[in-house]
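Please examine the sequence and the structure shown below before reading on. The explanation that follows is intended to be read alongside them.

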Amino acid sequence: MTALPLRIEASGLTKRFGGIAVVDAVSFQAHAGEIVGLIGPNGAGKTTLFNLLSRVLRSDAGTLLINGIDATRRAPHELATLGLVRTFQLARELDRLTVLENVLLAARDNRGERLFDALCRPAATRKSEHAMIQQAREALSIVSLAPHEAKPAAALSGGQKKLLELARCLMSGADIILLDEIAAGVAPHLVEEIVDLVARLNREHGKTFVVIEHNVGVISRLCSRVVVMAQGSVIAEGSFETISRDANVIASYLGQAA
Amino acid sequence: MQVVVNALASAAIIAPAAVGFTLTFMLFRYANFAVGAFVMLGAFAAWTVNVTAGLPLWAGGIAALAIGAMTVALSDRLVFRPLQGRTGATLLLVSVALSFVLENVIRFFYGSQIKGFDLPLTGPLMIGDLRITREALAVVTISGIAILSTAALLTLTPIGRALRAVADNTSLADVRGLPVGSIQTVGMIIAGALFGLSGTLVGIDLAIDPGLSWAVTIPIIAAAIFGGLGSPLGAALGALAIGFAEELTVMFLAPAYKGAVGFMVIVVVLLLRPQGLLGVAVDRK
């Protein structure tokens, strides 16, 4: 395990809202090829930790390394370049753009989106655009959204939007994907599809995942390691079996459900 | 029929600027009342090249595009970007102020006298009773080409896709890794070029003076509102509607009321269909 390179290495991450530390000096690692589950009661700080890892929020303290590169002060969009992308609890899409366009926008280094290249190197731009479209269609077919590519993203169901998010993550070429409650509010048959997809992307494409999920079944099936948070801190960490026997965890979280 | 020709010609003049205005609104969600000043600046740029330097008007037109693009991009950097995040009302007031500044800068250098392009005299084309000046024909053609190419740019090219993405949801586009700042600058350059083009076209039809800015501001904004803010095609259609409304006013009421048409259209649209012709009703989040 330790031989594998660290994809995410966060230490002492802290975020305060007002006087309250929502994330309190949390250290978090994810190794290459892992699927790490992040669980905890509502308000434990899971999504805030995601926001810190993806730099949507600025941390008040702590450091963050993505693929070994210091990302503590980077802008959110730069993280995609370092190899980290995320989905949102409520799948947010650019509603008025088509499904295919949404995926295309996830491409890193899209030449045609730079004015200089679009004007001065039209042939190269057209060629790269063509390759991009090919790649975007592939990503859509992996998540079985290919038949919907021409629809505006607003026309997709909640579950399909989550699949679109995954397609975008694939298109970005990032090797770390943070999934924020990807199974929440999704029709049961689609949950199965999404879980299988995540497992397959991990196995066949070597993607590293960090997954926030309330569905314990999903966590137990997917995750090789589970991190439990409560009140802004990590209270336990280990395999699903280990943490499900941890007295602390049962008291603060699993016990609630039982 | 003559009304149709005249309406088309006056629509063609304001249409590019209306598209530019709507593009600005799409990207930044504020109404830039300096549109008229940018158009006026474009007219003076074209006039300088055409009359002072004695070059043909097409060269003046190119200069107007360049000056328009530069001024708008600069004003975006120096004036609007630093105020980003303020309310639309603040930015609107700032744009009005900017408009006065630009108008008076021009007045300082060029004086307030009325100017006109140096155009070769040509007779109008007569089709039956219809009188079509060659200038009007050129104005309509050029304006049409400009609007169609802007539409093609927005829908067919990657840079257009990026612009629409930023317009749809700026913060989301940012998280998605788009270089939002430079995409917005590209949008402003395109809008500025469209203002410059309108400036050249307006100079063919009307006299050029620094007060021109306010004469064109209201029709441009009315056209954009009529078409639905955020819809470039709608802005072009809005320009047509304004053109017709103005011509009909001149015909059935009196030329003096022409200036009020824009205001009336704004009032009627906001009362009956606030999202405009092609606009999408916005749900405020």
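The model is predicted. Chain B contains 11 helices and two strands. Read from the N terminus, its elements follow the order α-α-α-α-β-β-α-α-α-α-α-α-α. The C-alpha trace of chain B spans about 55 × 45 × 35 Å along its principal axes. Among contacts in chain B between residues at least 6 apart in sequence, 76% join residues at least 24 apart.

The interior may be considered next. In soluble globular proteins, nonpolar side chains tend to be buried together. The largest nonpolar core here has 172 residues, of which A:Ala167, B:Ile14 and B:Ala18 touch the most other members. Helix H1 of chain B, residues 2–28, supplies the largest share of this core, 17 residues. The core also draws at least three residues from each of domain 1 (6–93 + 174–257) and domain 2 (94–155) of chain A. Beyond its neighbours within four places in sequence, B:Ala18 is in contact with several residues, including B:Ile220, B:Ala224 and B:Ala239.

B:Leu233 lies in helix H10, residues 232–252. Is B:Leu233 buried or partly exposed? B:Leu233 counts as partly exposed because it has 19 C-beta neighbours inside 10 Å, whereas a buried residue needs 20 or more. Outside the four places on either side in sequence, B:Leu233 is in contact with B:Ala151 and B:Leu278. B:Leu233 and B:Thr22 are 211 residues apart in sequence, yet their C-alpha atoms are 9.6 Å apart in space.

The two chains also meet. In this meeting, 17 residues of chain B are in contact with 21 residues of chain A. On the side of chain B that touches chain A, helix H6 (158–168) and helix H7 (170–175) are the elements that give two or more residues. H6(B) provides the largest share, seven residues. The residues on this side of chain B comprise nine nonpolar, three polar and five charged.

Finally, chain A shows how strands pair. Strand S9 (residues 225–230) and strand S10 (residues 233–238) of chain A are antiparallel and joined over five bridges. A:Met229 has A:Val234 in S10(A) as its bridge partner. S9(A) and S10(A) form a hairpin with two residues between them, and A:Gln231 in the turn has a positive phi of about 50 degrees.

Conventions
Residues numbered from 1 in each chain as written. Chains lettered and ligands numbered in written order. Predicted model: local features only at pLDDT ≥ 70, side-chain atom pairs only at ≥ 80, totals over all residues. Helix = DSSP H or I, 4+ residues; strand = E, 2+ residues; numbered from the N terminus. Buried ≥ 20, exposed ≤ 12 C-beta atoms within 10 Å, placed from the backbone. Contact = placed C-beta atoms within 7 Å. Nonpolar A, V, L, I, M, F, W, Y, C, P; charged D, E, K, R; others polar. Core = buried A, V, L, I, M, F, W, Y, C linked by C-beta atoms within 7 Å. Domains from an automatic or database assignment. Pairing = 2+ DSSP bridges.
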